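Take a look at the chain below.

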Amino acid sequence: LSELHLTGSKDVHGLALVDDVAGKTTLAQLIAGATTREFVPLSAVTAGVKDVRETVERARRLLGEQGRGTILFLDEVHRFNKAQQDALLPAVEDGTLTLIGATTENPFFSVNAPLLSRSTLFRLEPLGPDALRAVVRRALAAEGASATDAAVDLLVGLVDGDARAVLTSLEVAIALAGDGPVEVATIEAARSTRALRYGQDEHYDVISAFIKSIRGSDADAGLYWLARMLAAGEDARFIARRLVILASEDVGMADPLALVVADAAARAVEFVGLPEAQLNLAQAVV
């Protein structure tokens, strides 16, 4: 926080936080406390233009009467449509309030360009293994529980740097362990229902990795990314279309039959459908 230098800043009135881990609201509250500003939390899921206008009016009065700034923390800012986001622009632009918009989506897809251009974008990176182990140790101490080193290492390796996922899984594991220590088998049981993340960013990242794997003649990697897309619920027709495209774009005349195979797989998807068509797609990938 000492490096943000928000106090007295006249040229940065919008902050956009994008992350894959927990802590957005807490971080916004810390910023408000460090800068002695009024903190107004809203959720874009339930709030509307009326709520935004009321907040702007209160911020204007507070600034005029007490000389105190306001931080509007707007969670899930990507849920606001274009008109709702435009309603924020005047207050952000003239410094009536500082907007901190939090989103787990890519802001370049979900936030209006005018609002984004007036904001500073901070990407909250996943926590490293050492930080996650510290979180686990503190949580175990708070609960009066214990865990083997192997169990802690397994848990840390499964959560993709997400502290909230660590705490949630650890809570379940402690309950499953009862009076005994948390062990590897307990962690495996606690994590068995973890959902596969597959948002808009993952959609583009995974299909890119899928195409590059086939371009690099890595059949195992291609099958892995195919399985990940299908498990996450990706449209099989989208995958088939990408195979048809890459058959010419990435394989081309190195193997002219690649286009024939990809086209046959696409037809099989339409004719057979999932789940059986996953075999046709896998054959085409290989």
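## The chain as a whole

Among contacts in the chain with a separation of 6 or more, 74% are between residues 24 or more positions apart. The model is a predicted one. Its secondary structure comes to 15 helices and 5 strands. The chain has 286 residues, and 42% of them are buried.

## Helix α1: one buried face

Helix α1 covers residues 24–34, and its buried residues are Lys24, Ala28, Ile31 and Ala32. Look down the axis of α1: these buried residues fall within an arc of 100°, so they line one face of the helix. An α-helix has 3.6 residues a turn, so residues three or four places apart point the same way.

What comes just after α1? There, Thr36 takes a positive phi of about 50°.

## Arg61 in helix α2

Helix α2 spans residues 49–66, and Arg61 is found in it. How large is the relative accessible area of Arg61? The value is 41%. Buried means under 20% and exposed means over 50%, so Arg61 counts as partly exposed.

Arg61 and Thr96 are 35 residues apart along the chain. Their C-alpha atoms are separated by 9.4 Å.

## Helices α7 and α8: an oblique pair

Helix α7 runs over residues 129–143, and helix α8 over residues 149–158. They pack at an angle of about 120°, with their axes 10 Å apart. That angle makes α7 oblique to α8. The crossing of α7 past α8 is right-handed.

Which residues meet? From α7 come Pro129, Leu132, Arg133 and Val136. From α8 come Val152, Asp153, Leu155 and Val156. Sorted by class, this contact of α7 with α8 has 6 nonpolar residues, 2 charged ones and no polar ones.

## Helices α13 and α14: an antiparallel pair

Helix α13 takes in residues 236–251, and helix α14 residues 257–272. Their axes come within 9 Å and cross at roughly 170°. Angles over 145 degrees count as roughly antiparallel, so that is the label for α13 and α14.

On the α13 side, the contact is made by Ala236, Arg237, Ala240, Leu243, Val244, Ala247, Ser248 and Val251. On the α14 side, the residues are Ala258, Leu259, Ala262, Asp263, Ala266, Val269 and Glu270. The residues of this contact of α13 with α14 divide into 11 nonpolar, 1 polar and 3 charged.

Key:
Residues are numbered from 1 along each chain as its sequence is written. This is a predicted model: local features need pLDDT of at least 70, side-chain atom pairs count only at pLDDT 80 or more; totals for chains, interfaces and linings use all residues. Side-chain values use heavy atoms; hydrogens and water are left out. Axes are lines fitted to C-alpha atoms, for helices over the stretch in contact, and angles run from 0 to 180 degrees between N-to-C directions. Helices (H or I, at least four residues) and strands (E, at least two) are DSSP runs, numbered from the N terminus. Angles under 35 degrees count as roughly parallel, over 145 as roughly antiparallel, 65 to 115 as roughly perpendicular and the rest as oblique. A crossing is left-handed if the near helix is turned anticlockwise from the far one by less than a right angle, and right-handed if clockwise. Contact means heavy atoms within 4.5 Å. Ala, Val, Leu, Ile, Met, Phe, Trp, Tyr, Cys and Pro count as nonpolar, Asp, Glu, Lys and Arg as charged, and the others, Gly among them, as polar. Buried means under 20% relative accessible area, exposed over 50%, partly exposed in between (1.4 Å probe, protein chains only). The arc is that of the directions from the helix axis to the C-beta atoms.
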